[in-house]
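This report describes a protein with a ligand.

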Amino acid sequence: MCSIDVVKALEKEHSTVKLFKGECAIAIIDIDRFKSVNDTYGHDIGDRAIKHIAEILQVNTNSTDIVARAGGEEFCIVMPQQDMQQSLFKLEQIRKQIELKPLVTDDYHIQMTVSIGLASMLEANSSSQAMKFADTALYGAKEAGRNRVVQYNNRLKRKS
Ligand SMILES: Nc1nc2c(ncn2[C@@H]2O[C@H](COP(=O)(O)OP(=O)(O)OP(=O)(O)O)[C@@H](O)[C@H]2O)c(=O)[nH]1
C-alpha cells in the first residue's frame with residue numbers, strides 16, 4: 001500500500017472513530033540503525049531486510065489492521081477497534097519477534113531491532129495530528145535507547 005492510500009485510509013478511519021467513539025491506535029515502526037545495515041551488507045541486502053521486517057509485521061497483525069510502508073525503513077500500522085492496552089501488547093510482540101528473528105541469507109545472520117511510537121486516534125483532532133503524536137513517541141523511543149515501544153503522552157517533546 002502506498003503512503004497516499006494510508007492517508008486516505010486514515011482519514012476514513014478517523015471519521016469512523018469519532019462517529020462511533022471507538023478506540024483506534026496508530027503506530028510508527030522504524031528499524032534501528034538501519035544505515036549501518038546498508039553500510040555493512042550493501043543496499044540489496046538492506047532491501048531484503050526491509051522485506052523481512054514487513055513479513056513479520058504481516059504475520060503478527062490481523063485482517064482489520066492496516067499495515068503500510070511509510071517510506072524508507074519506516075512502517076505504519078493502524079489498529080481499529082482495539083484499546084491501547086491491546087495495541088501495546090501486539091506491538092510488544094512484534095518488537096520481540098523482530099529481535100528474535102534475524103534475516104538469514106547464505107552469508108549472513110542479520111539481527112535487527114525496531115523502535116515503535118504509538119498514539120491514540122481518539123486523543124487527536126485529526127489523523128495527521130495522530131501521526132505527529134506517534135512520531136513524537138517514536139522519537140522518545142529512539143532517545144530512550146531504541147528497541148522499545150513508547151506510547152505518546154503530552155510530556156514527550158517533539159523533535160524540532
Ligand atoms: N536498502 C535500503 N535502504 C533504505 C531504503 N530507504 C531508506 N534507506 C536507508 O535507511 C537509512 C536510514 O538511516 P537514518 O535515518 O540515518 O537512521 P538509522 O541509521 O536507521 O538510525 P536510527 O533511526 O536513528 O536508529 C539511510 O541510510 C537510508 O539510505 C530502502 O528502500 N532500501
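## The ligand and its surroundings

Helices (H or I, at least four residues) and strands (E, at least two) are DSSP runs, numbered from the N terminus. The model is predicted, so local features need pLDDT of at least 70 and side-chain atom pairs count only at pLDDT 80 or more, while totals for chains, interfaces and linings use all residues. Residues are numbered from 1 along each chain as its sequence is written, and side-chain values use heavy atoms, with hydrogens and water left out.

| Residue | Ligand atom | Distance |
|---|---|---|
| Asn38 side chain | nitrogen | 2.8 Å |
| Lys142 side chain | oxygen | 2.9 Å |
| Arg146 side chain | oxygen | 2.8 Å |

Taken alone, the ligand exposes 680 Å², and the protein buries 65% of that. Accessible areas come from the Shrake-Rupley method with a 1.4 Å probe; for residues, only the protein chains shown count as cover.

## Aromatic pairs

How many aromatic pairs does a search of the whole structure find? There are two. Rings of Phe, Tyr and Trp (its six-membered ring) pair if their centres lie within 6.5 Å; planes under 30 degrees apart count as stacked, over 60 as edge-to-face and the rest as tilted.

Tyr41 and Tyr108 have ring centres 4.7 Å apart and planes at 65°, so this pair is edge-to-face. Because Tyr41 lies in helix H2 and Tyr108 in the loop between strand S4 (103-104) and strand S5 (109-110), the pair ties together parts that are 67 residues apart in sequence. Tyr41 counts as partly exposed at 27% relative accessibility, and Tyr108 does so at 32%. Buried means under 20% relative accessible area, exposed over 50%, and partly exposed in between (1.4 Å probe, protein chains only).

Phe133 and Tyr152 have ring centres 4.1 Å apart and planes at 5°, so this pair is stacked. Phe133 is in helix H5 (residues 127-143) and Tyr152 in the segment after strand S7 (149-151), 19 residues apart. Phe133 is buried at 16% relative accessibility, and Tyr152 is buried at 17%.

## Core and single residues

A nonpolar core is a set of buried Ala, Val, Leu, Ile, Met, Phe, Trp, Tyr and Cys residues joined through side-chain atoms within 4.5 Å. The largest one has 27 residues, of which Leu57, Ile77, Leu91 and Met112 touch the most other members. Helix H3 supplies the largest share of this core, six residues.

Thr61 lies in the loop between H3 and strand S2 (66-71) and is buried at 15% relative accessibility. Its side chain has a polar atom 2.8 Å from the backbone oxygen of Leu57, and reaches the backbone oxygen of Gln58 at 3.2 Å.

Definitions and conventions
A polar contact is a pair of N or O atoms within 3.5 Å; within protein, one must be able to donate a hydrogen and the other to accept it, and residues adjacent in sequence count only if both atoms are side-chain atoms.
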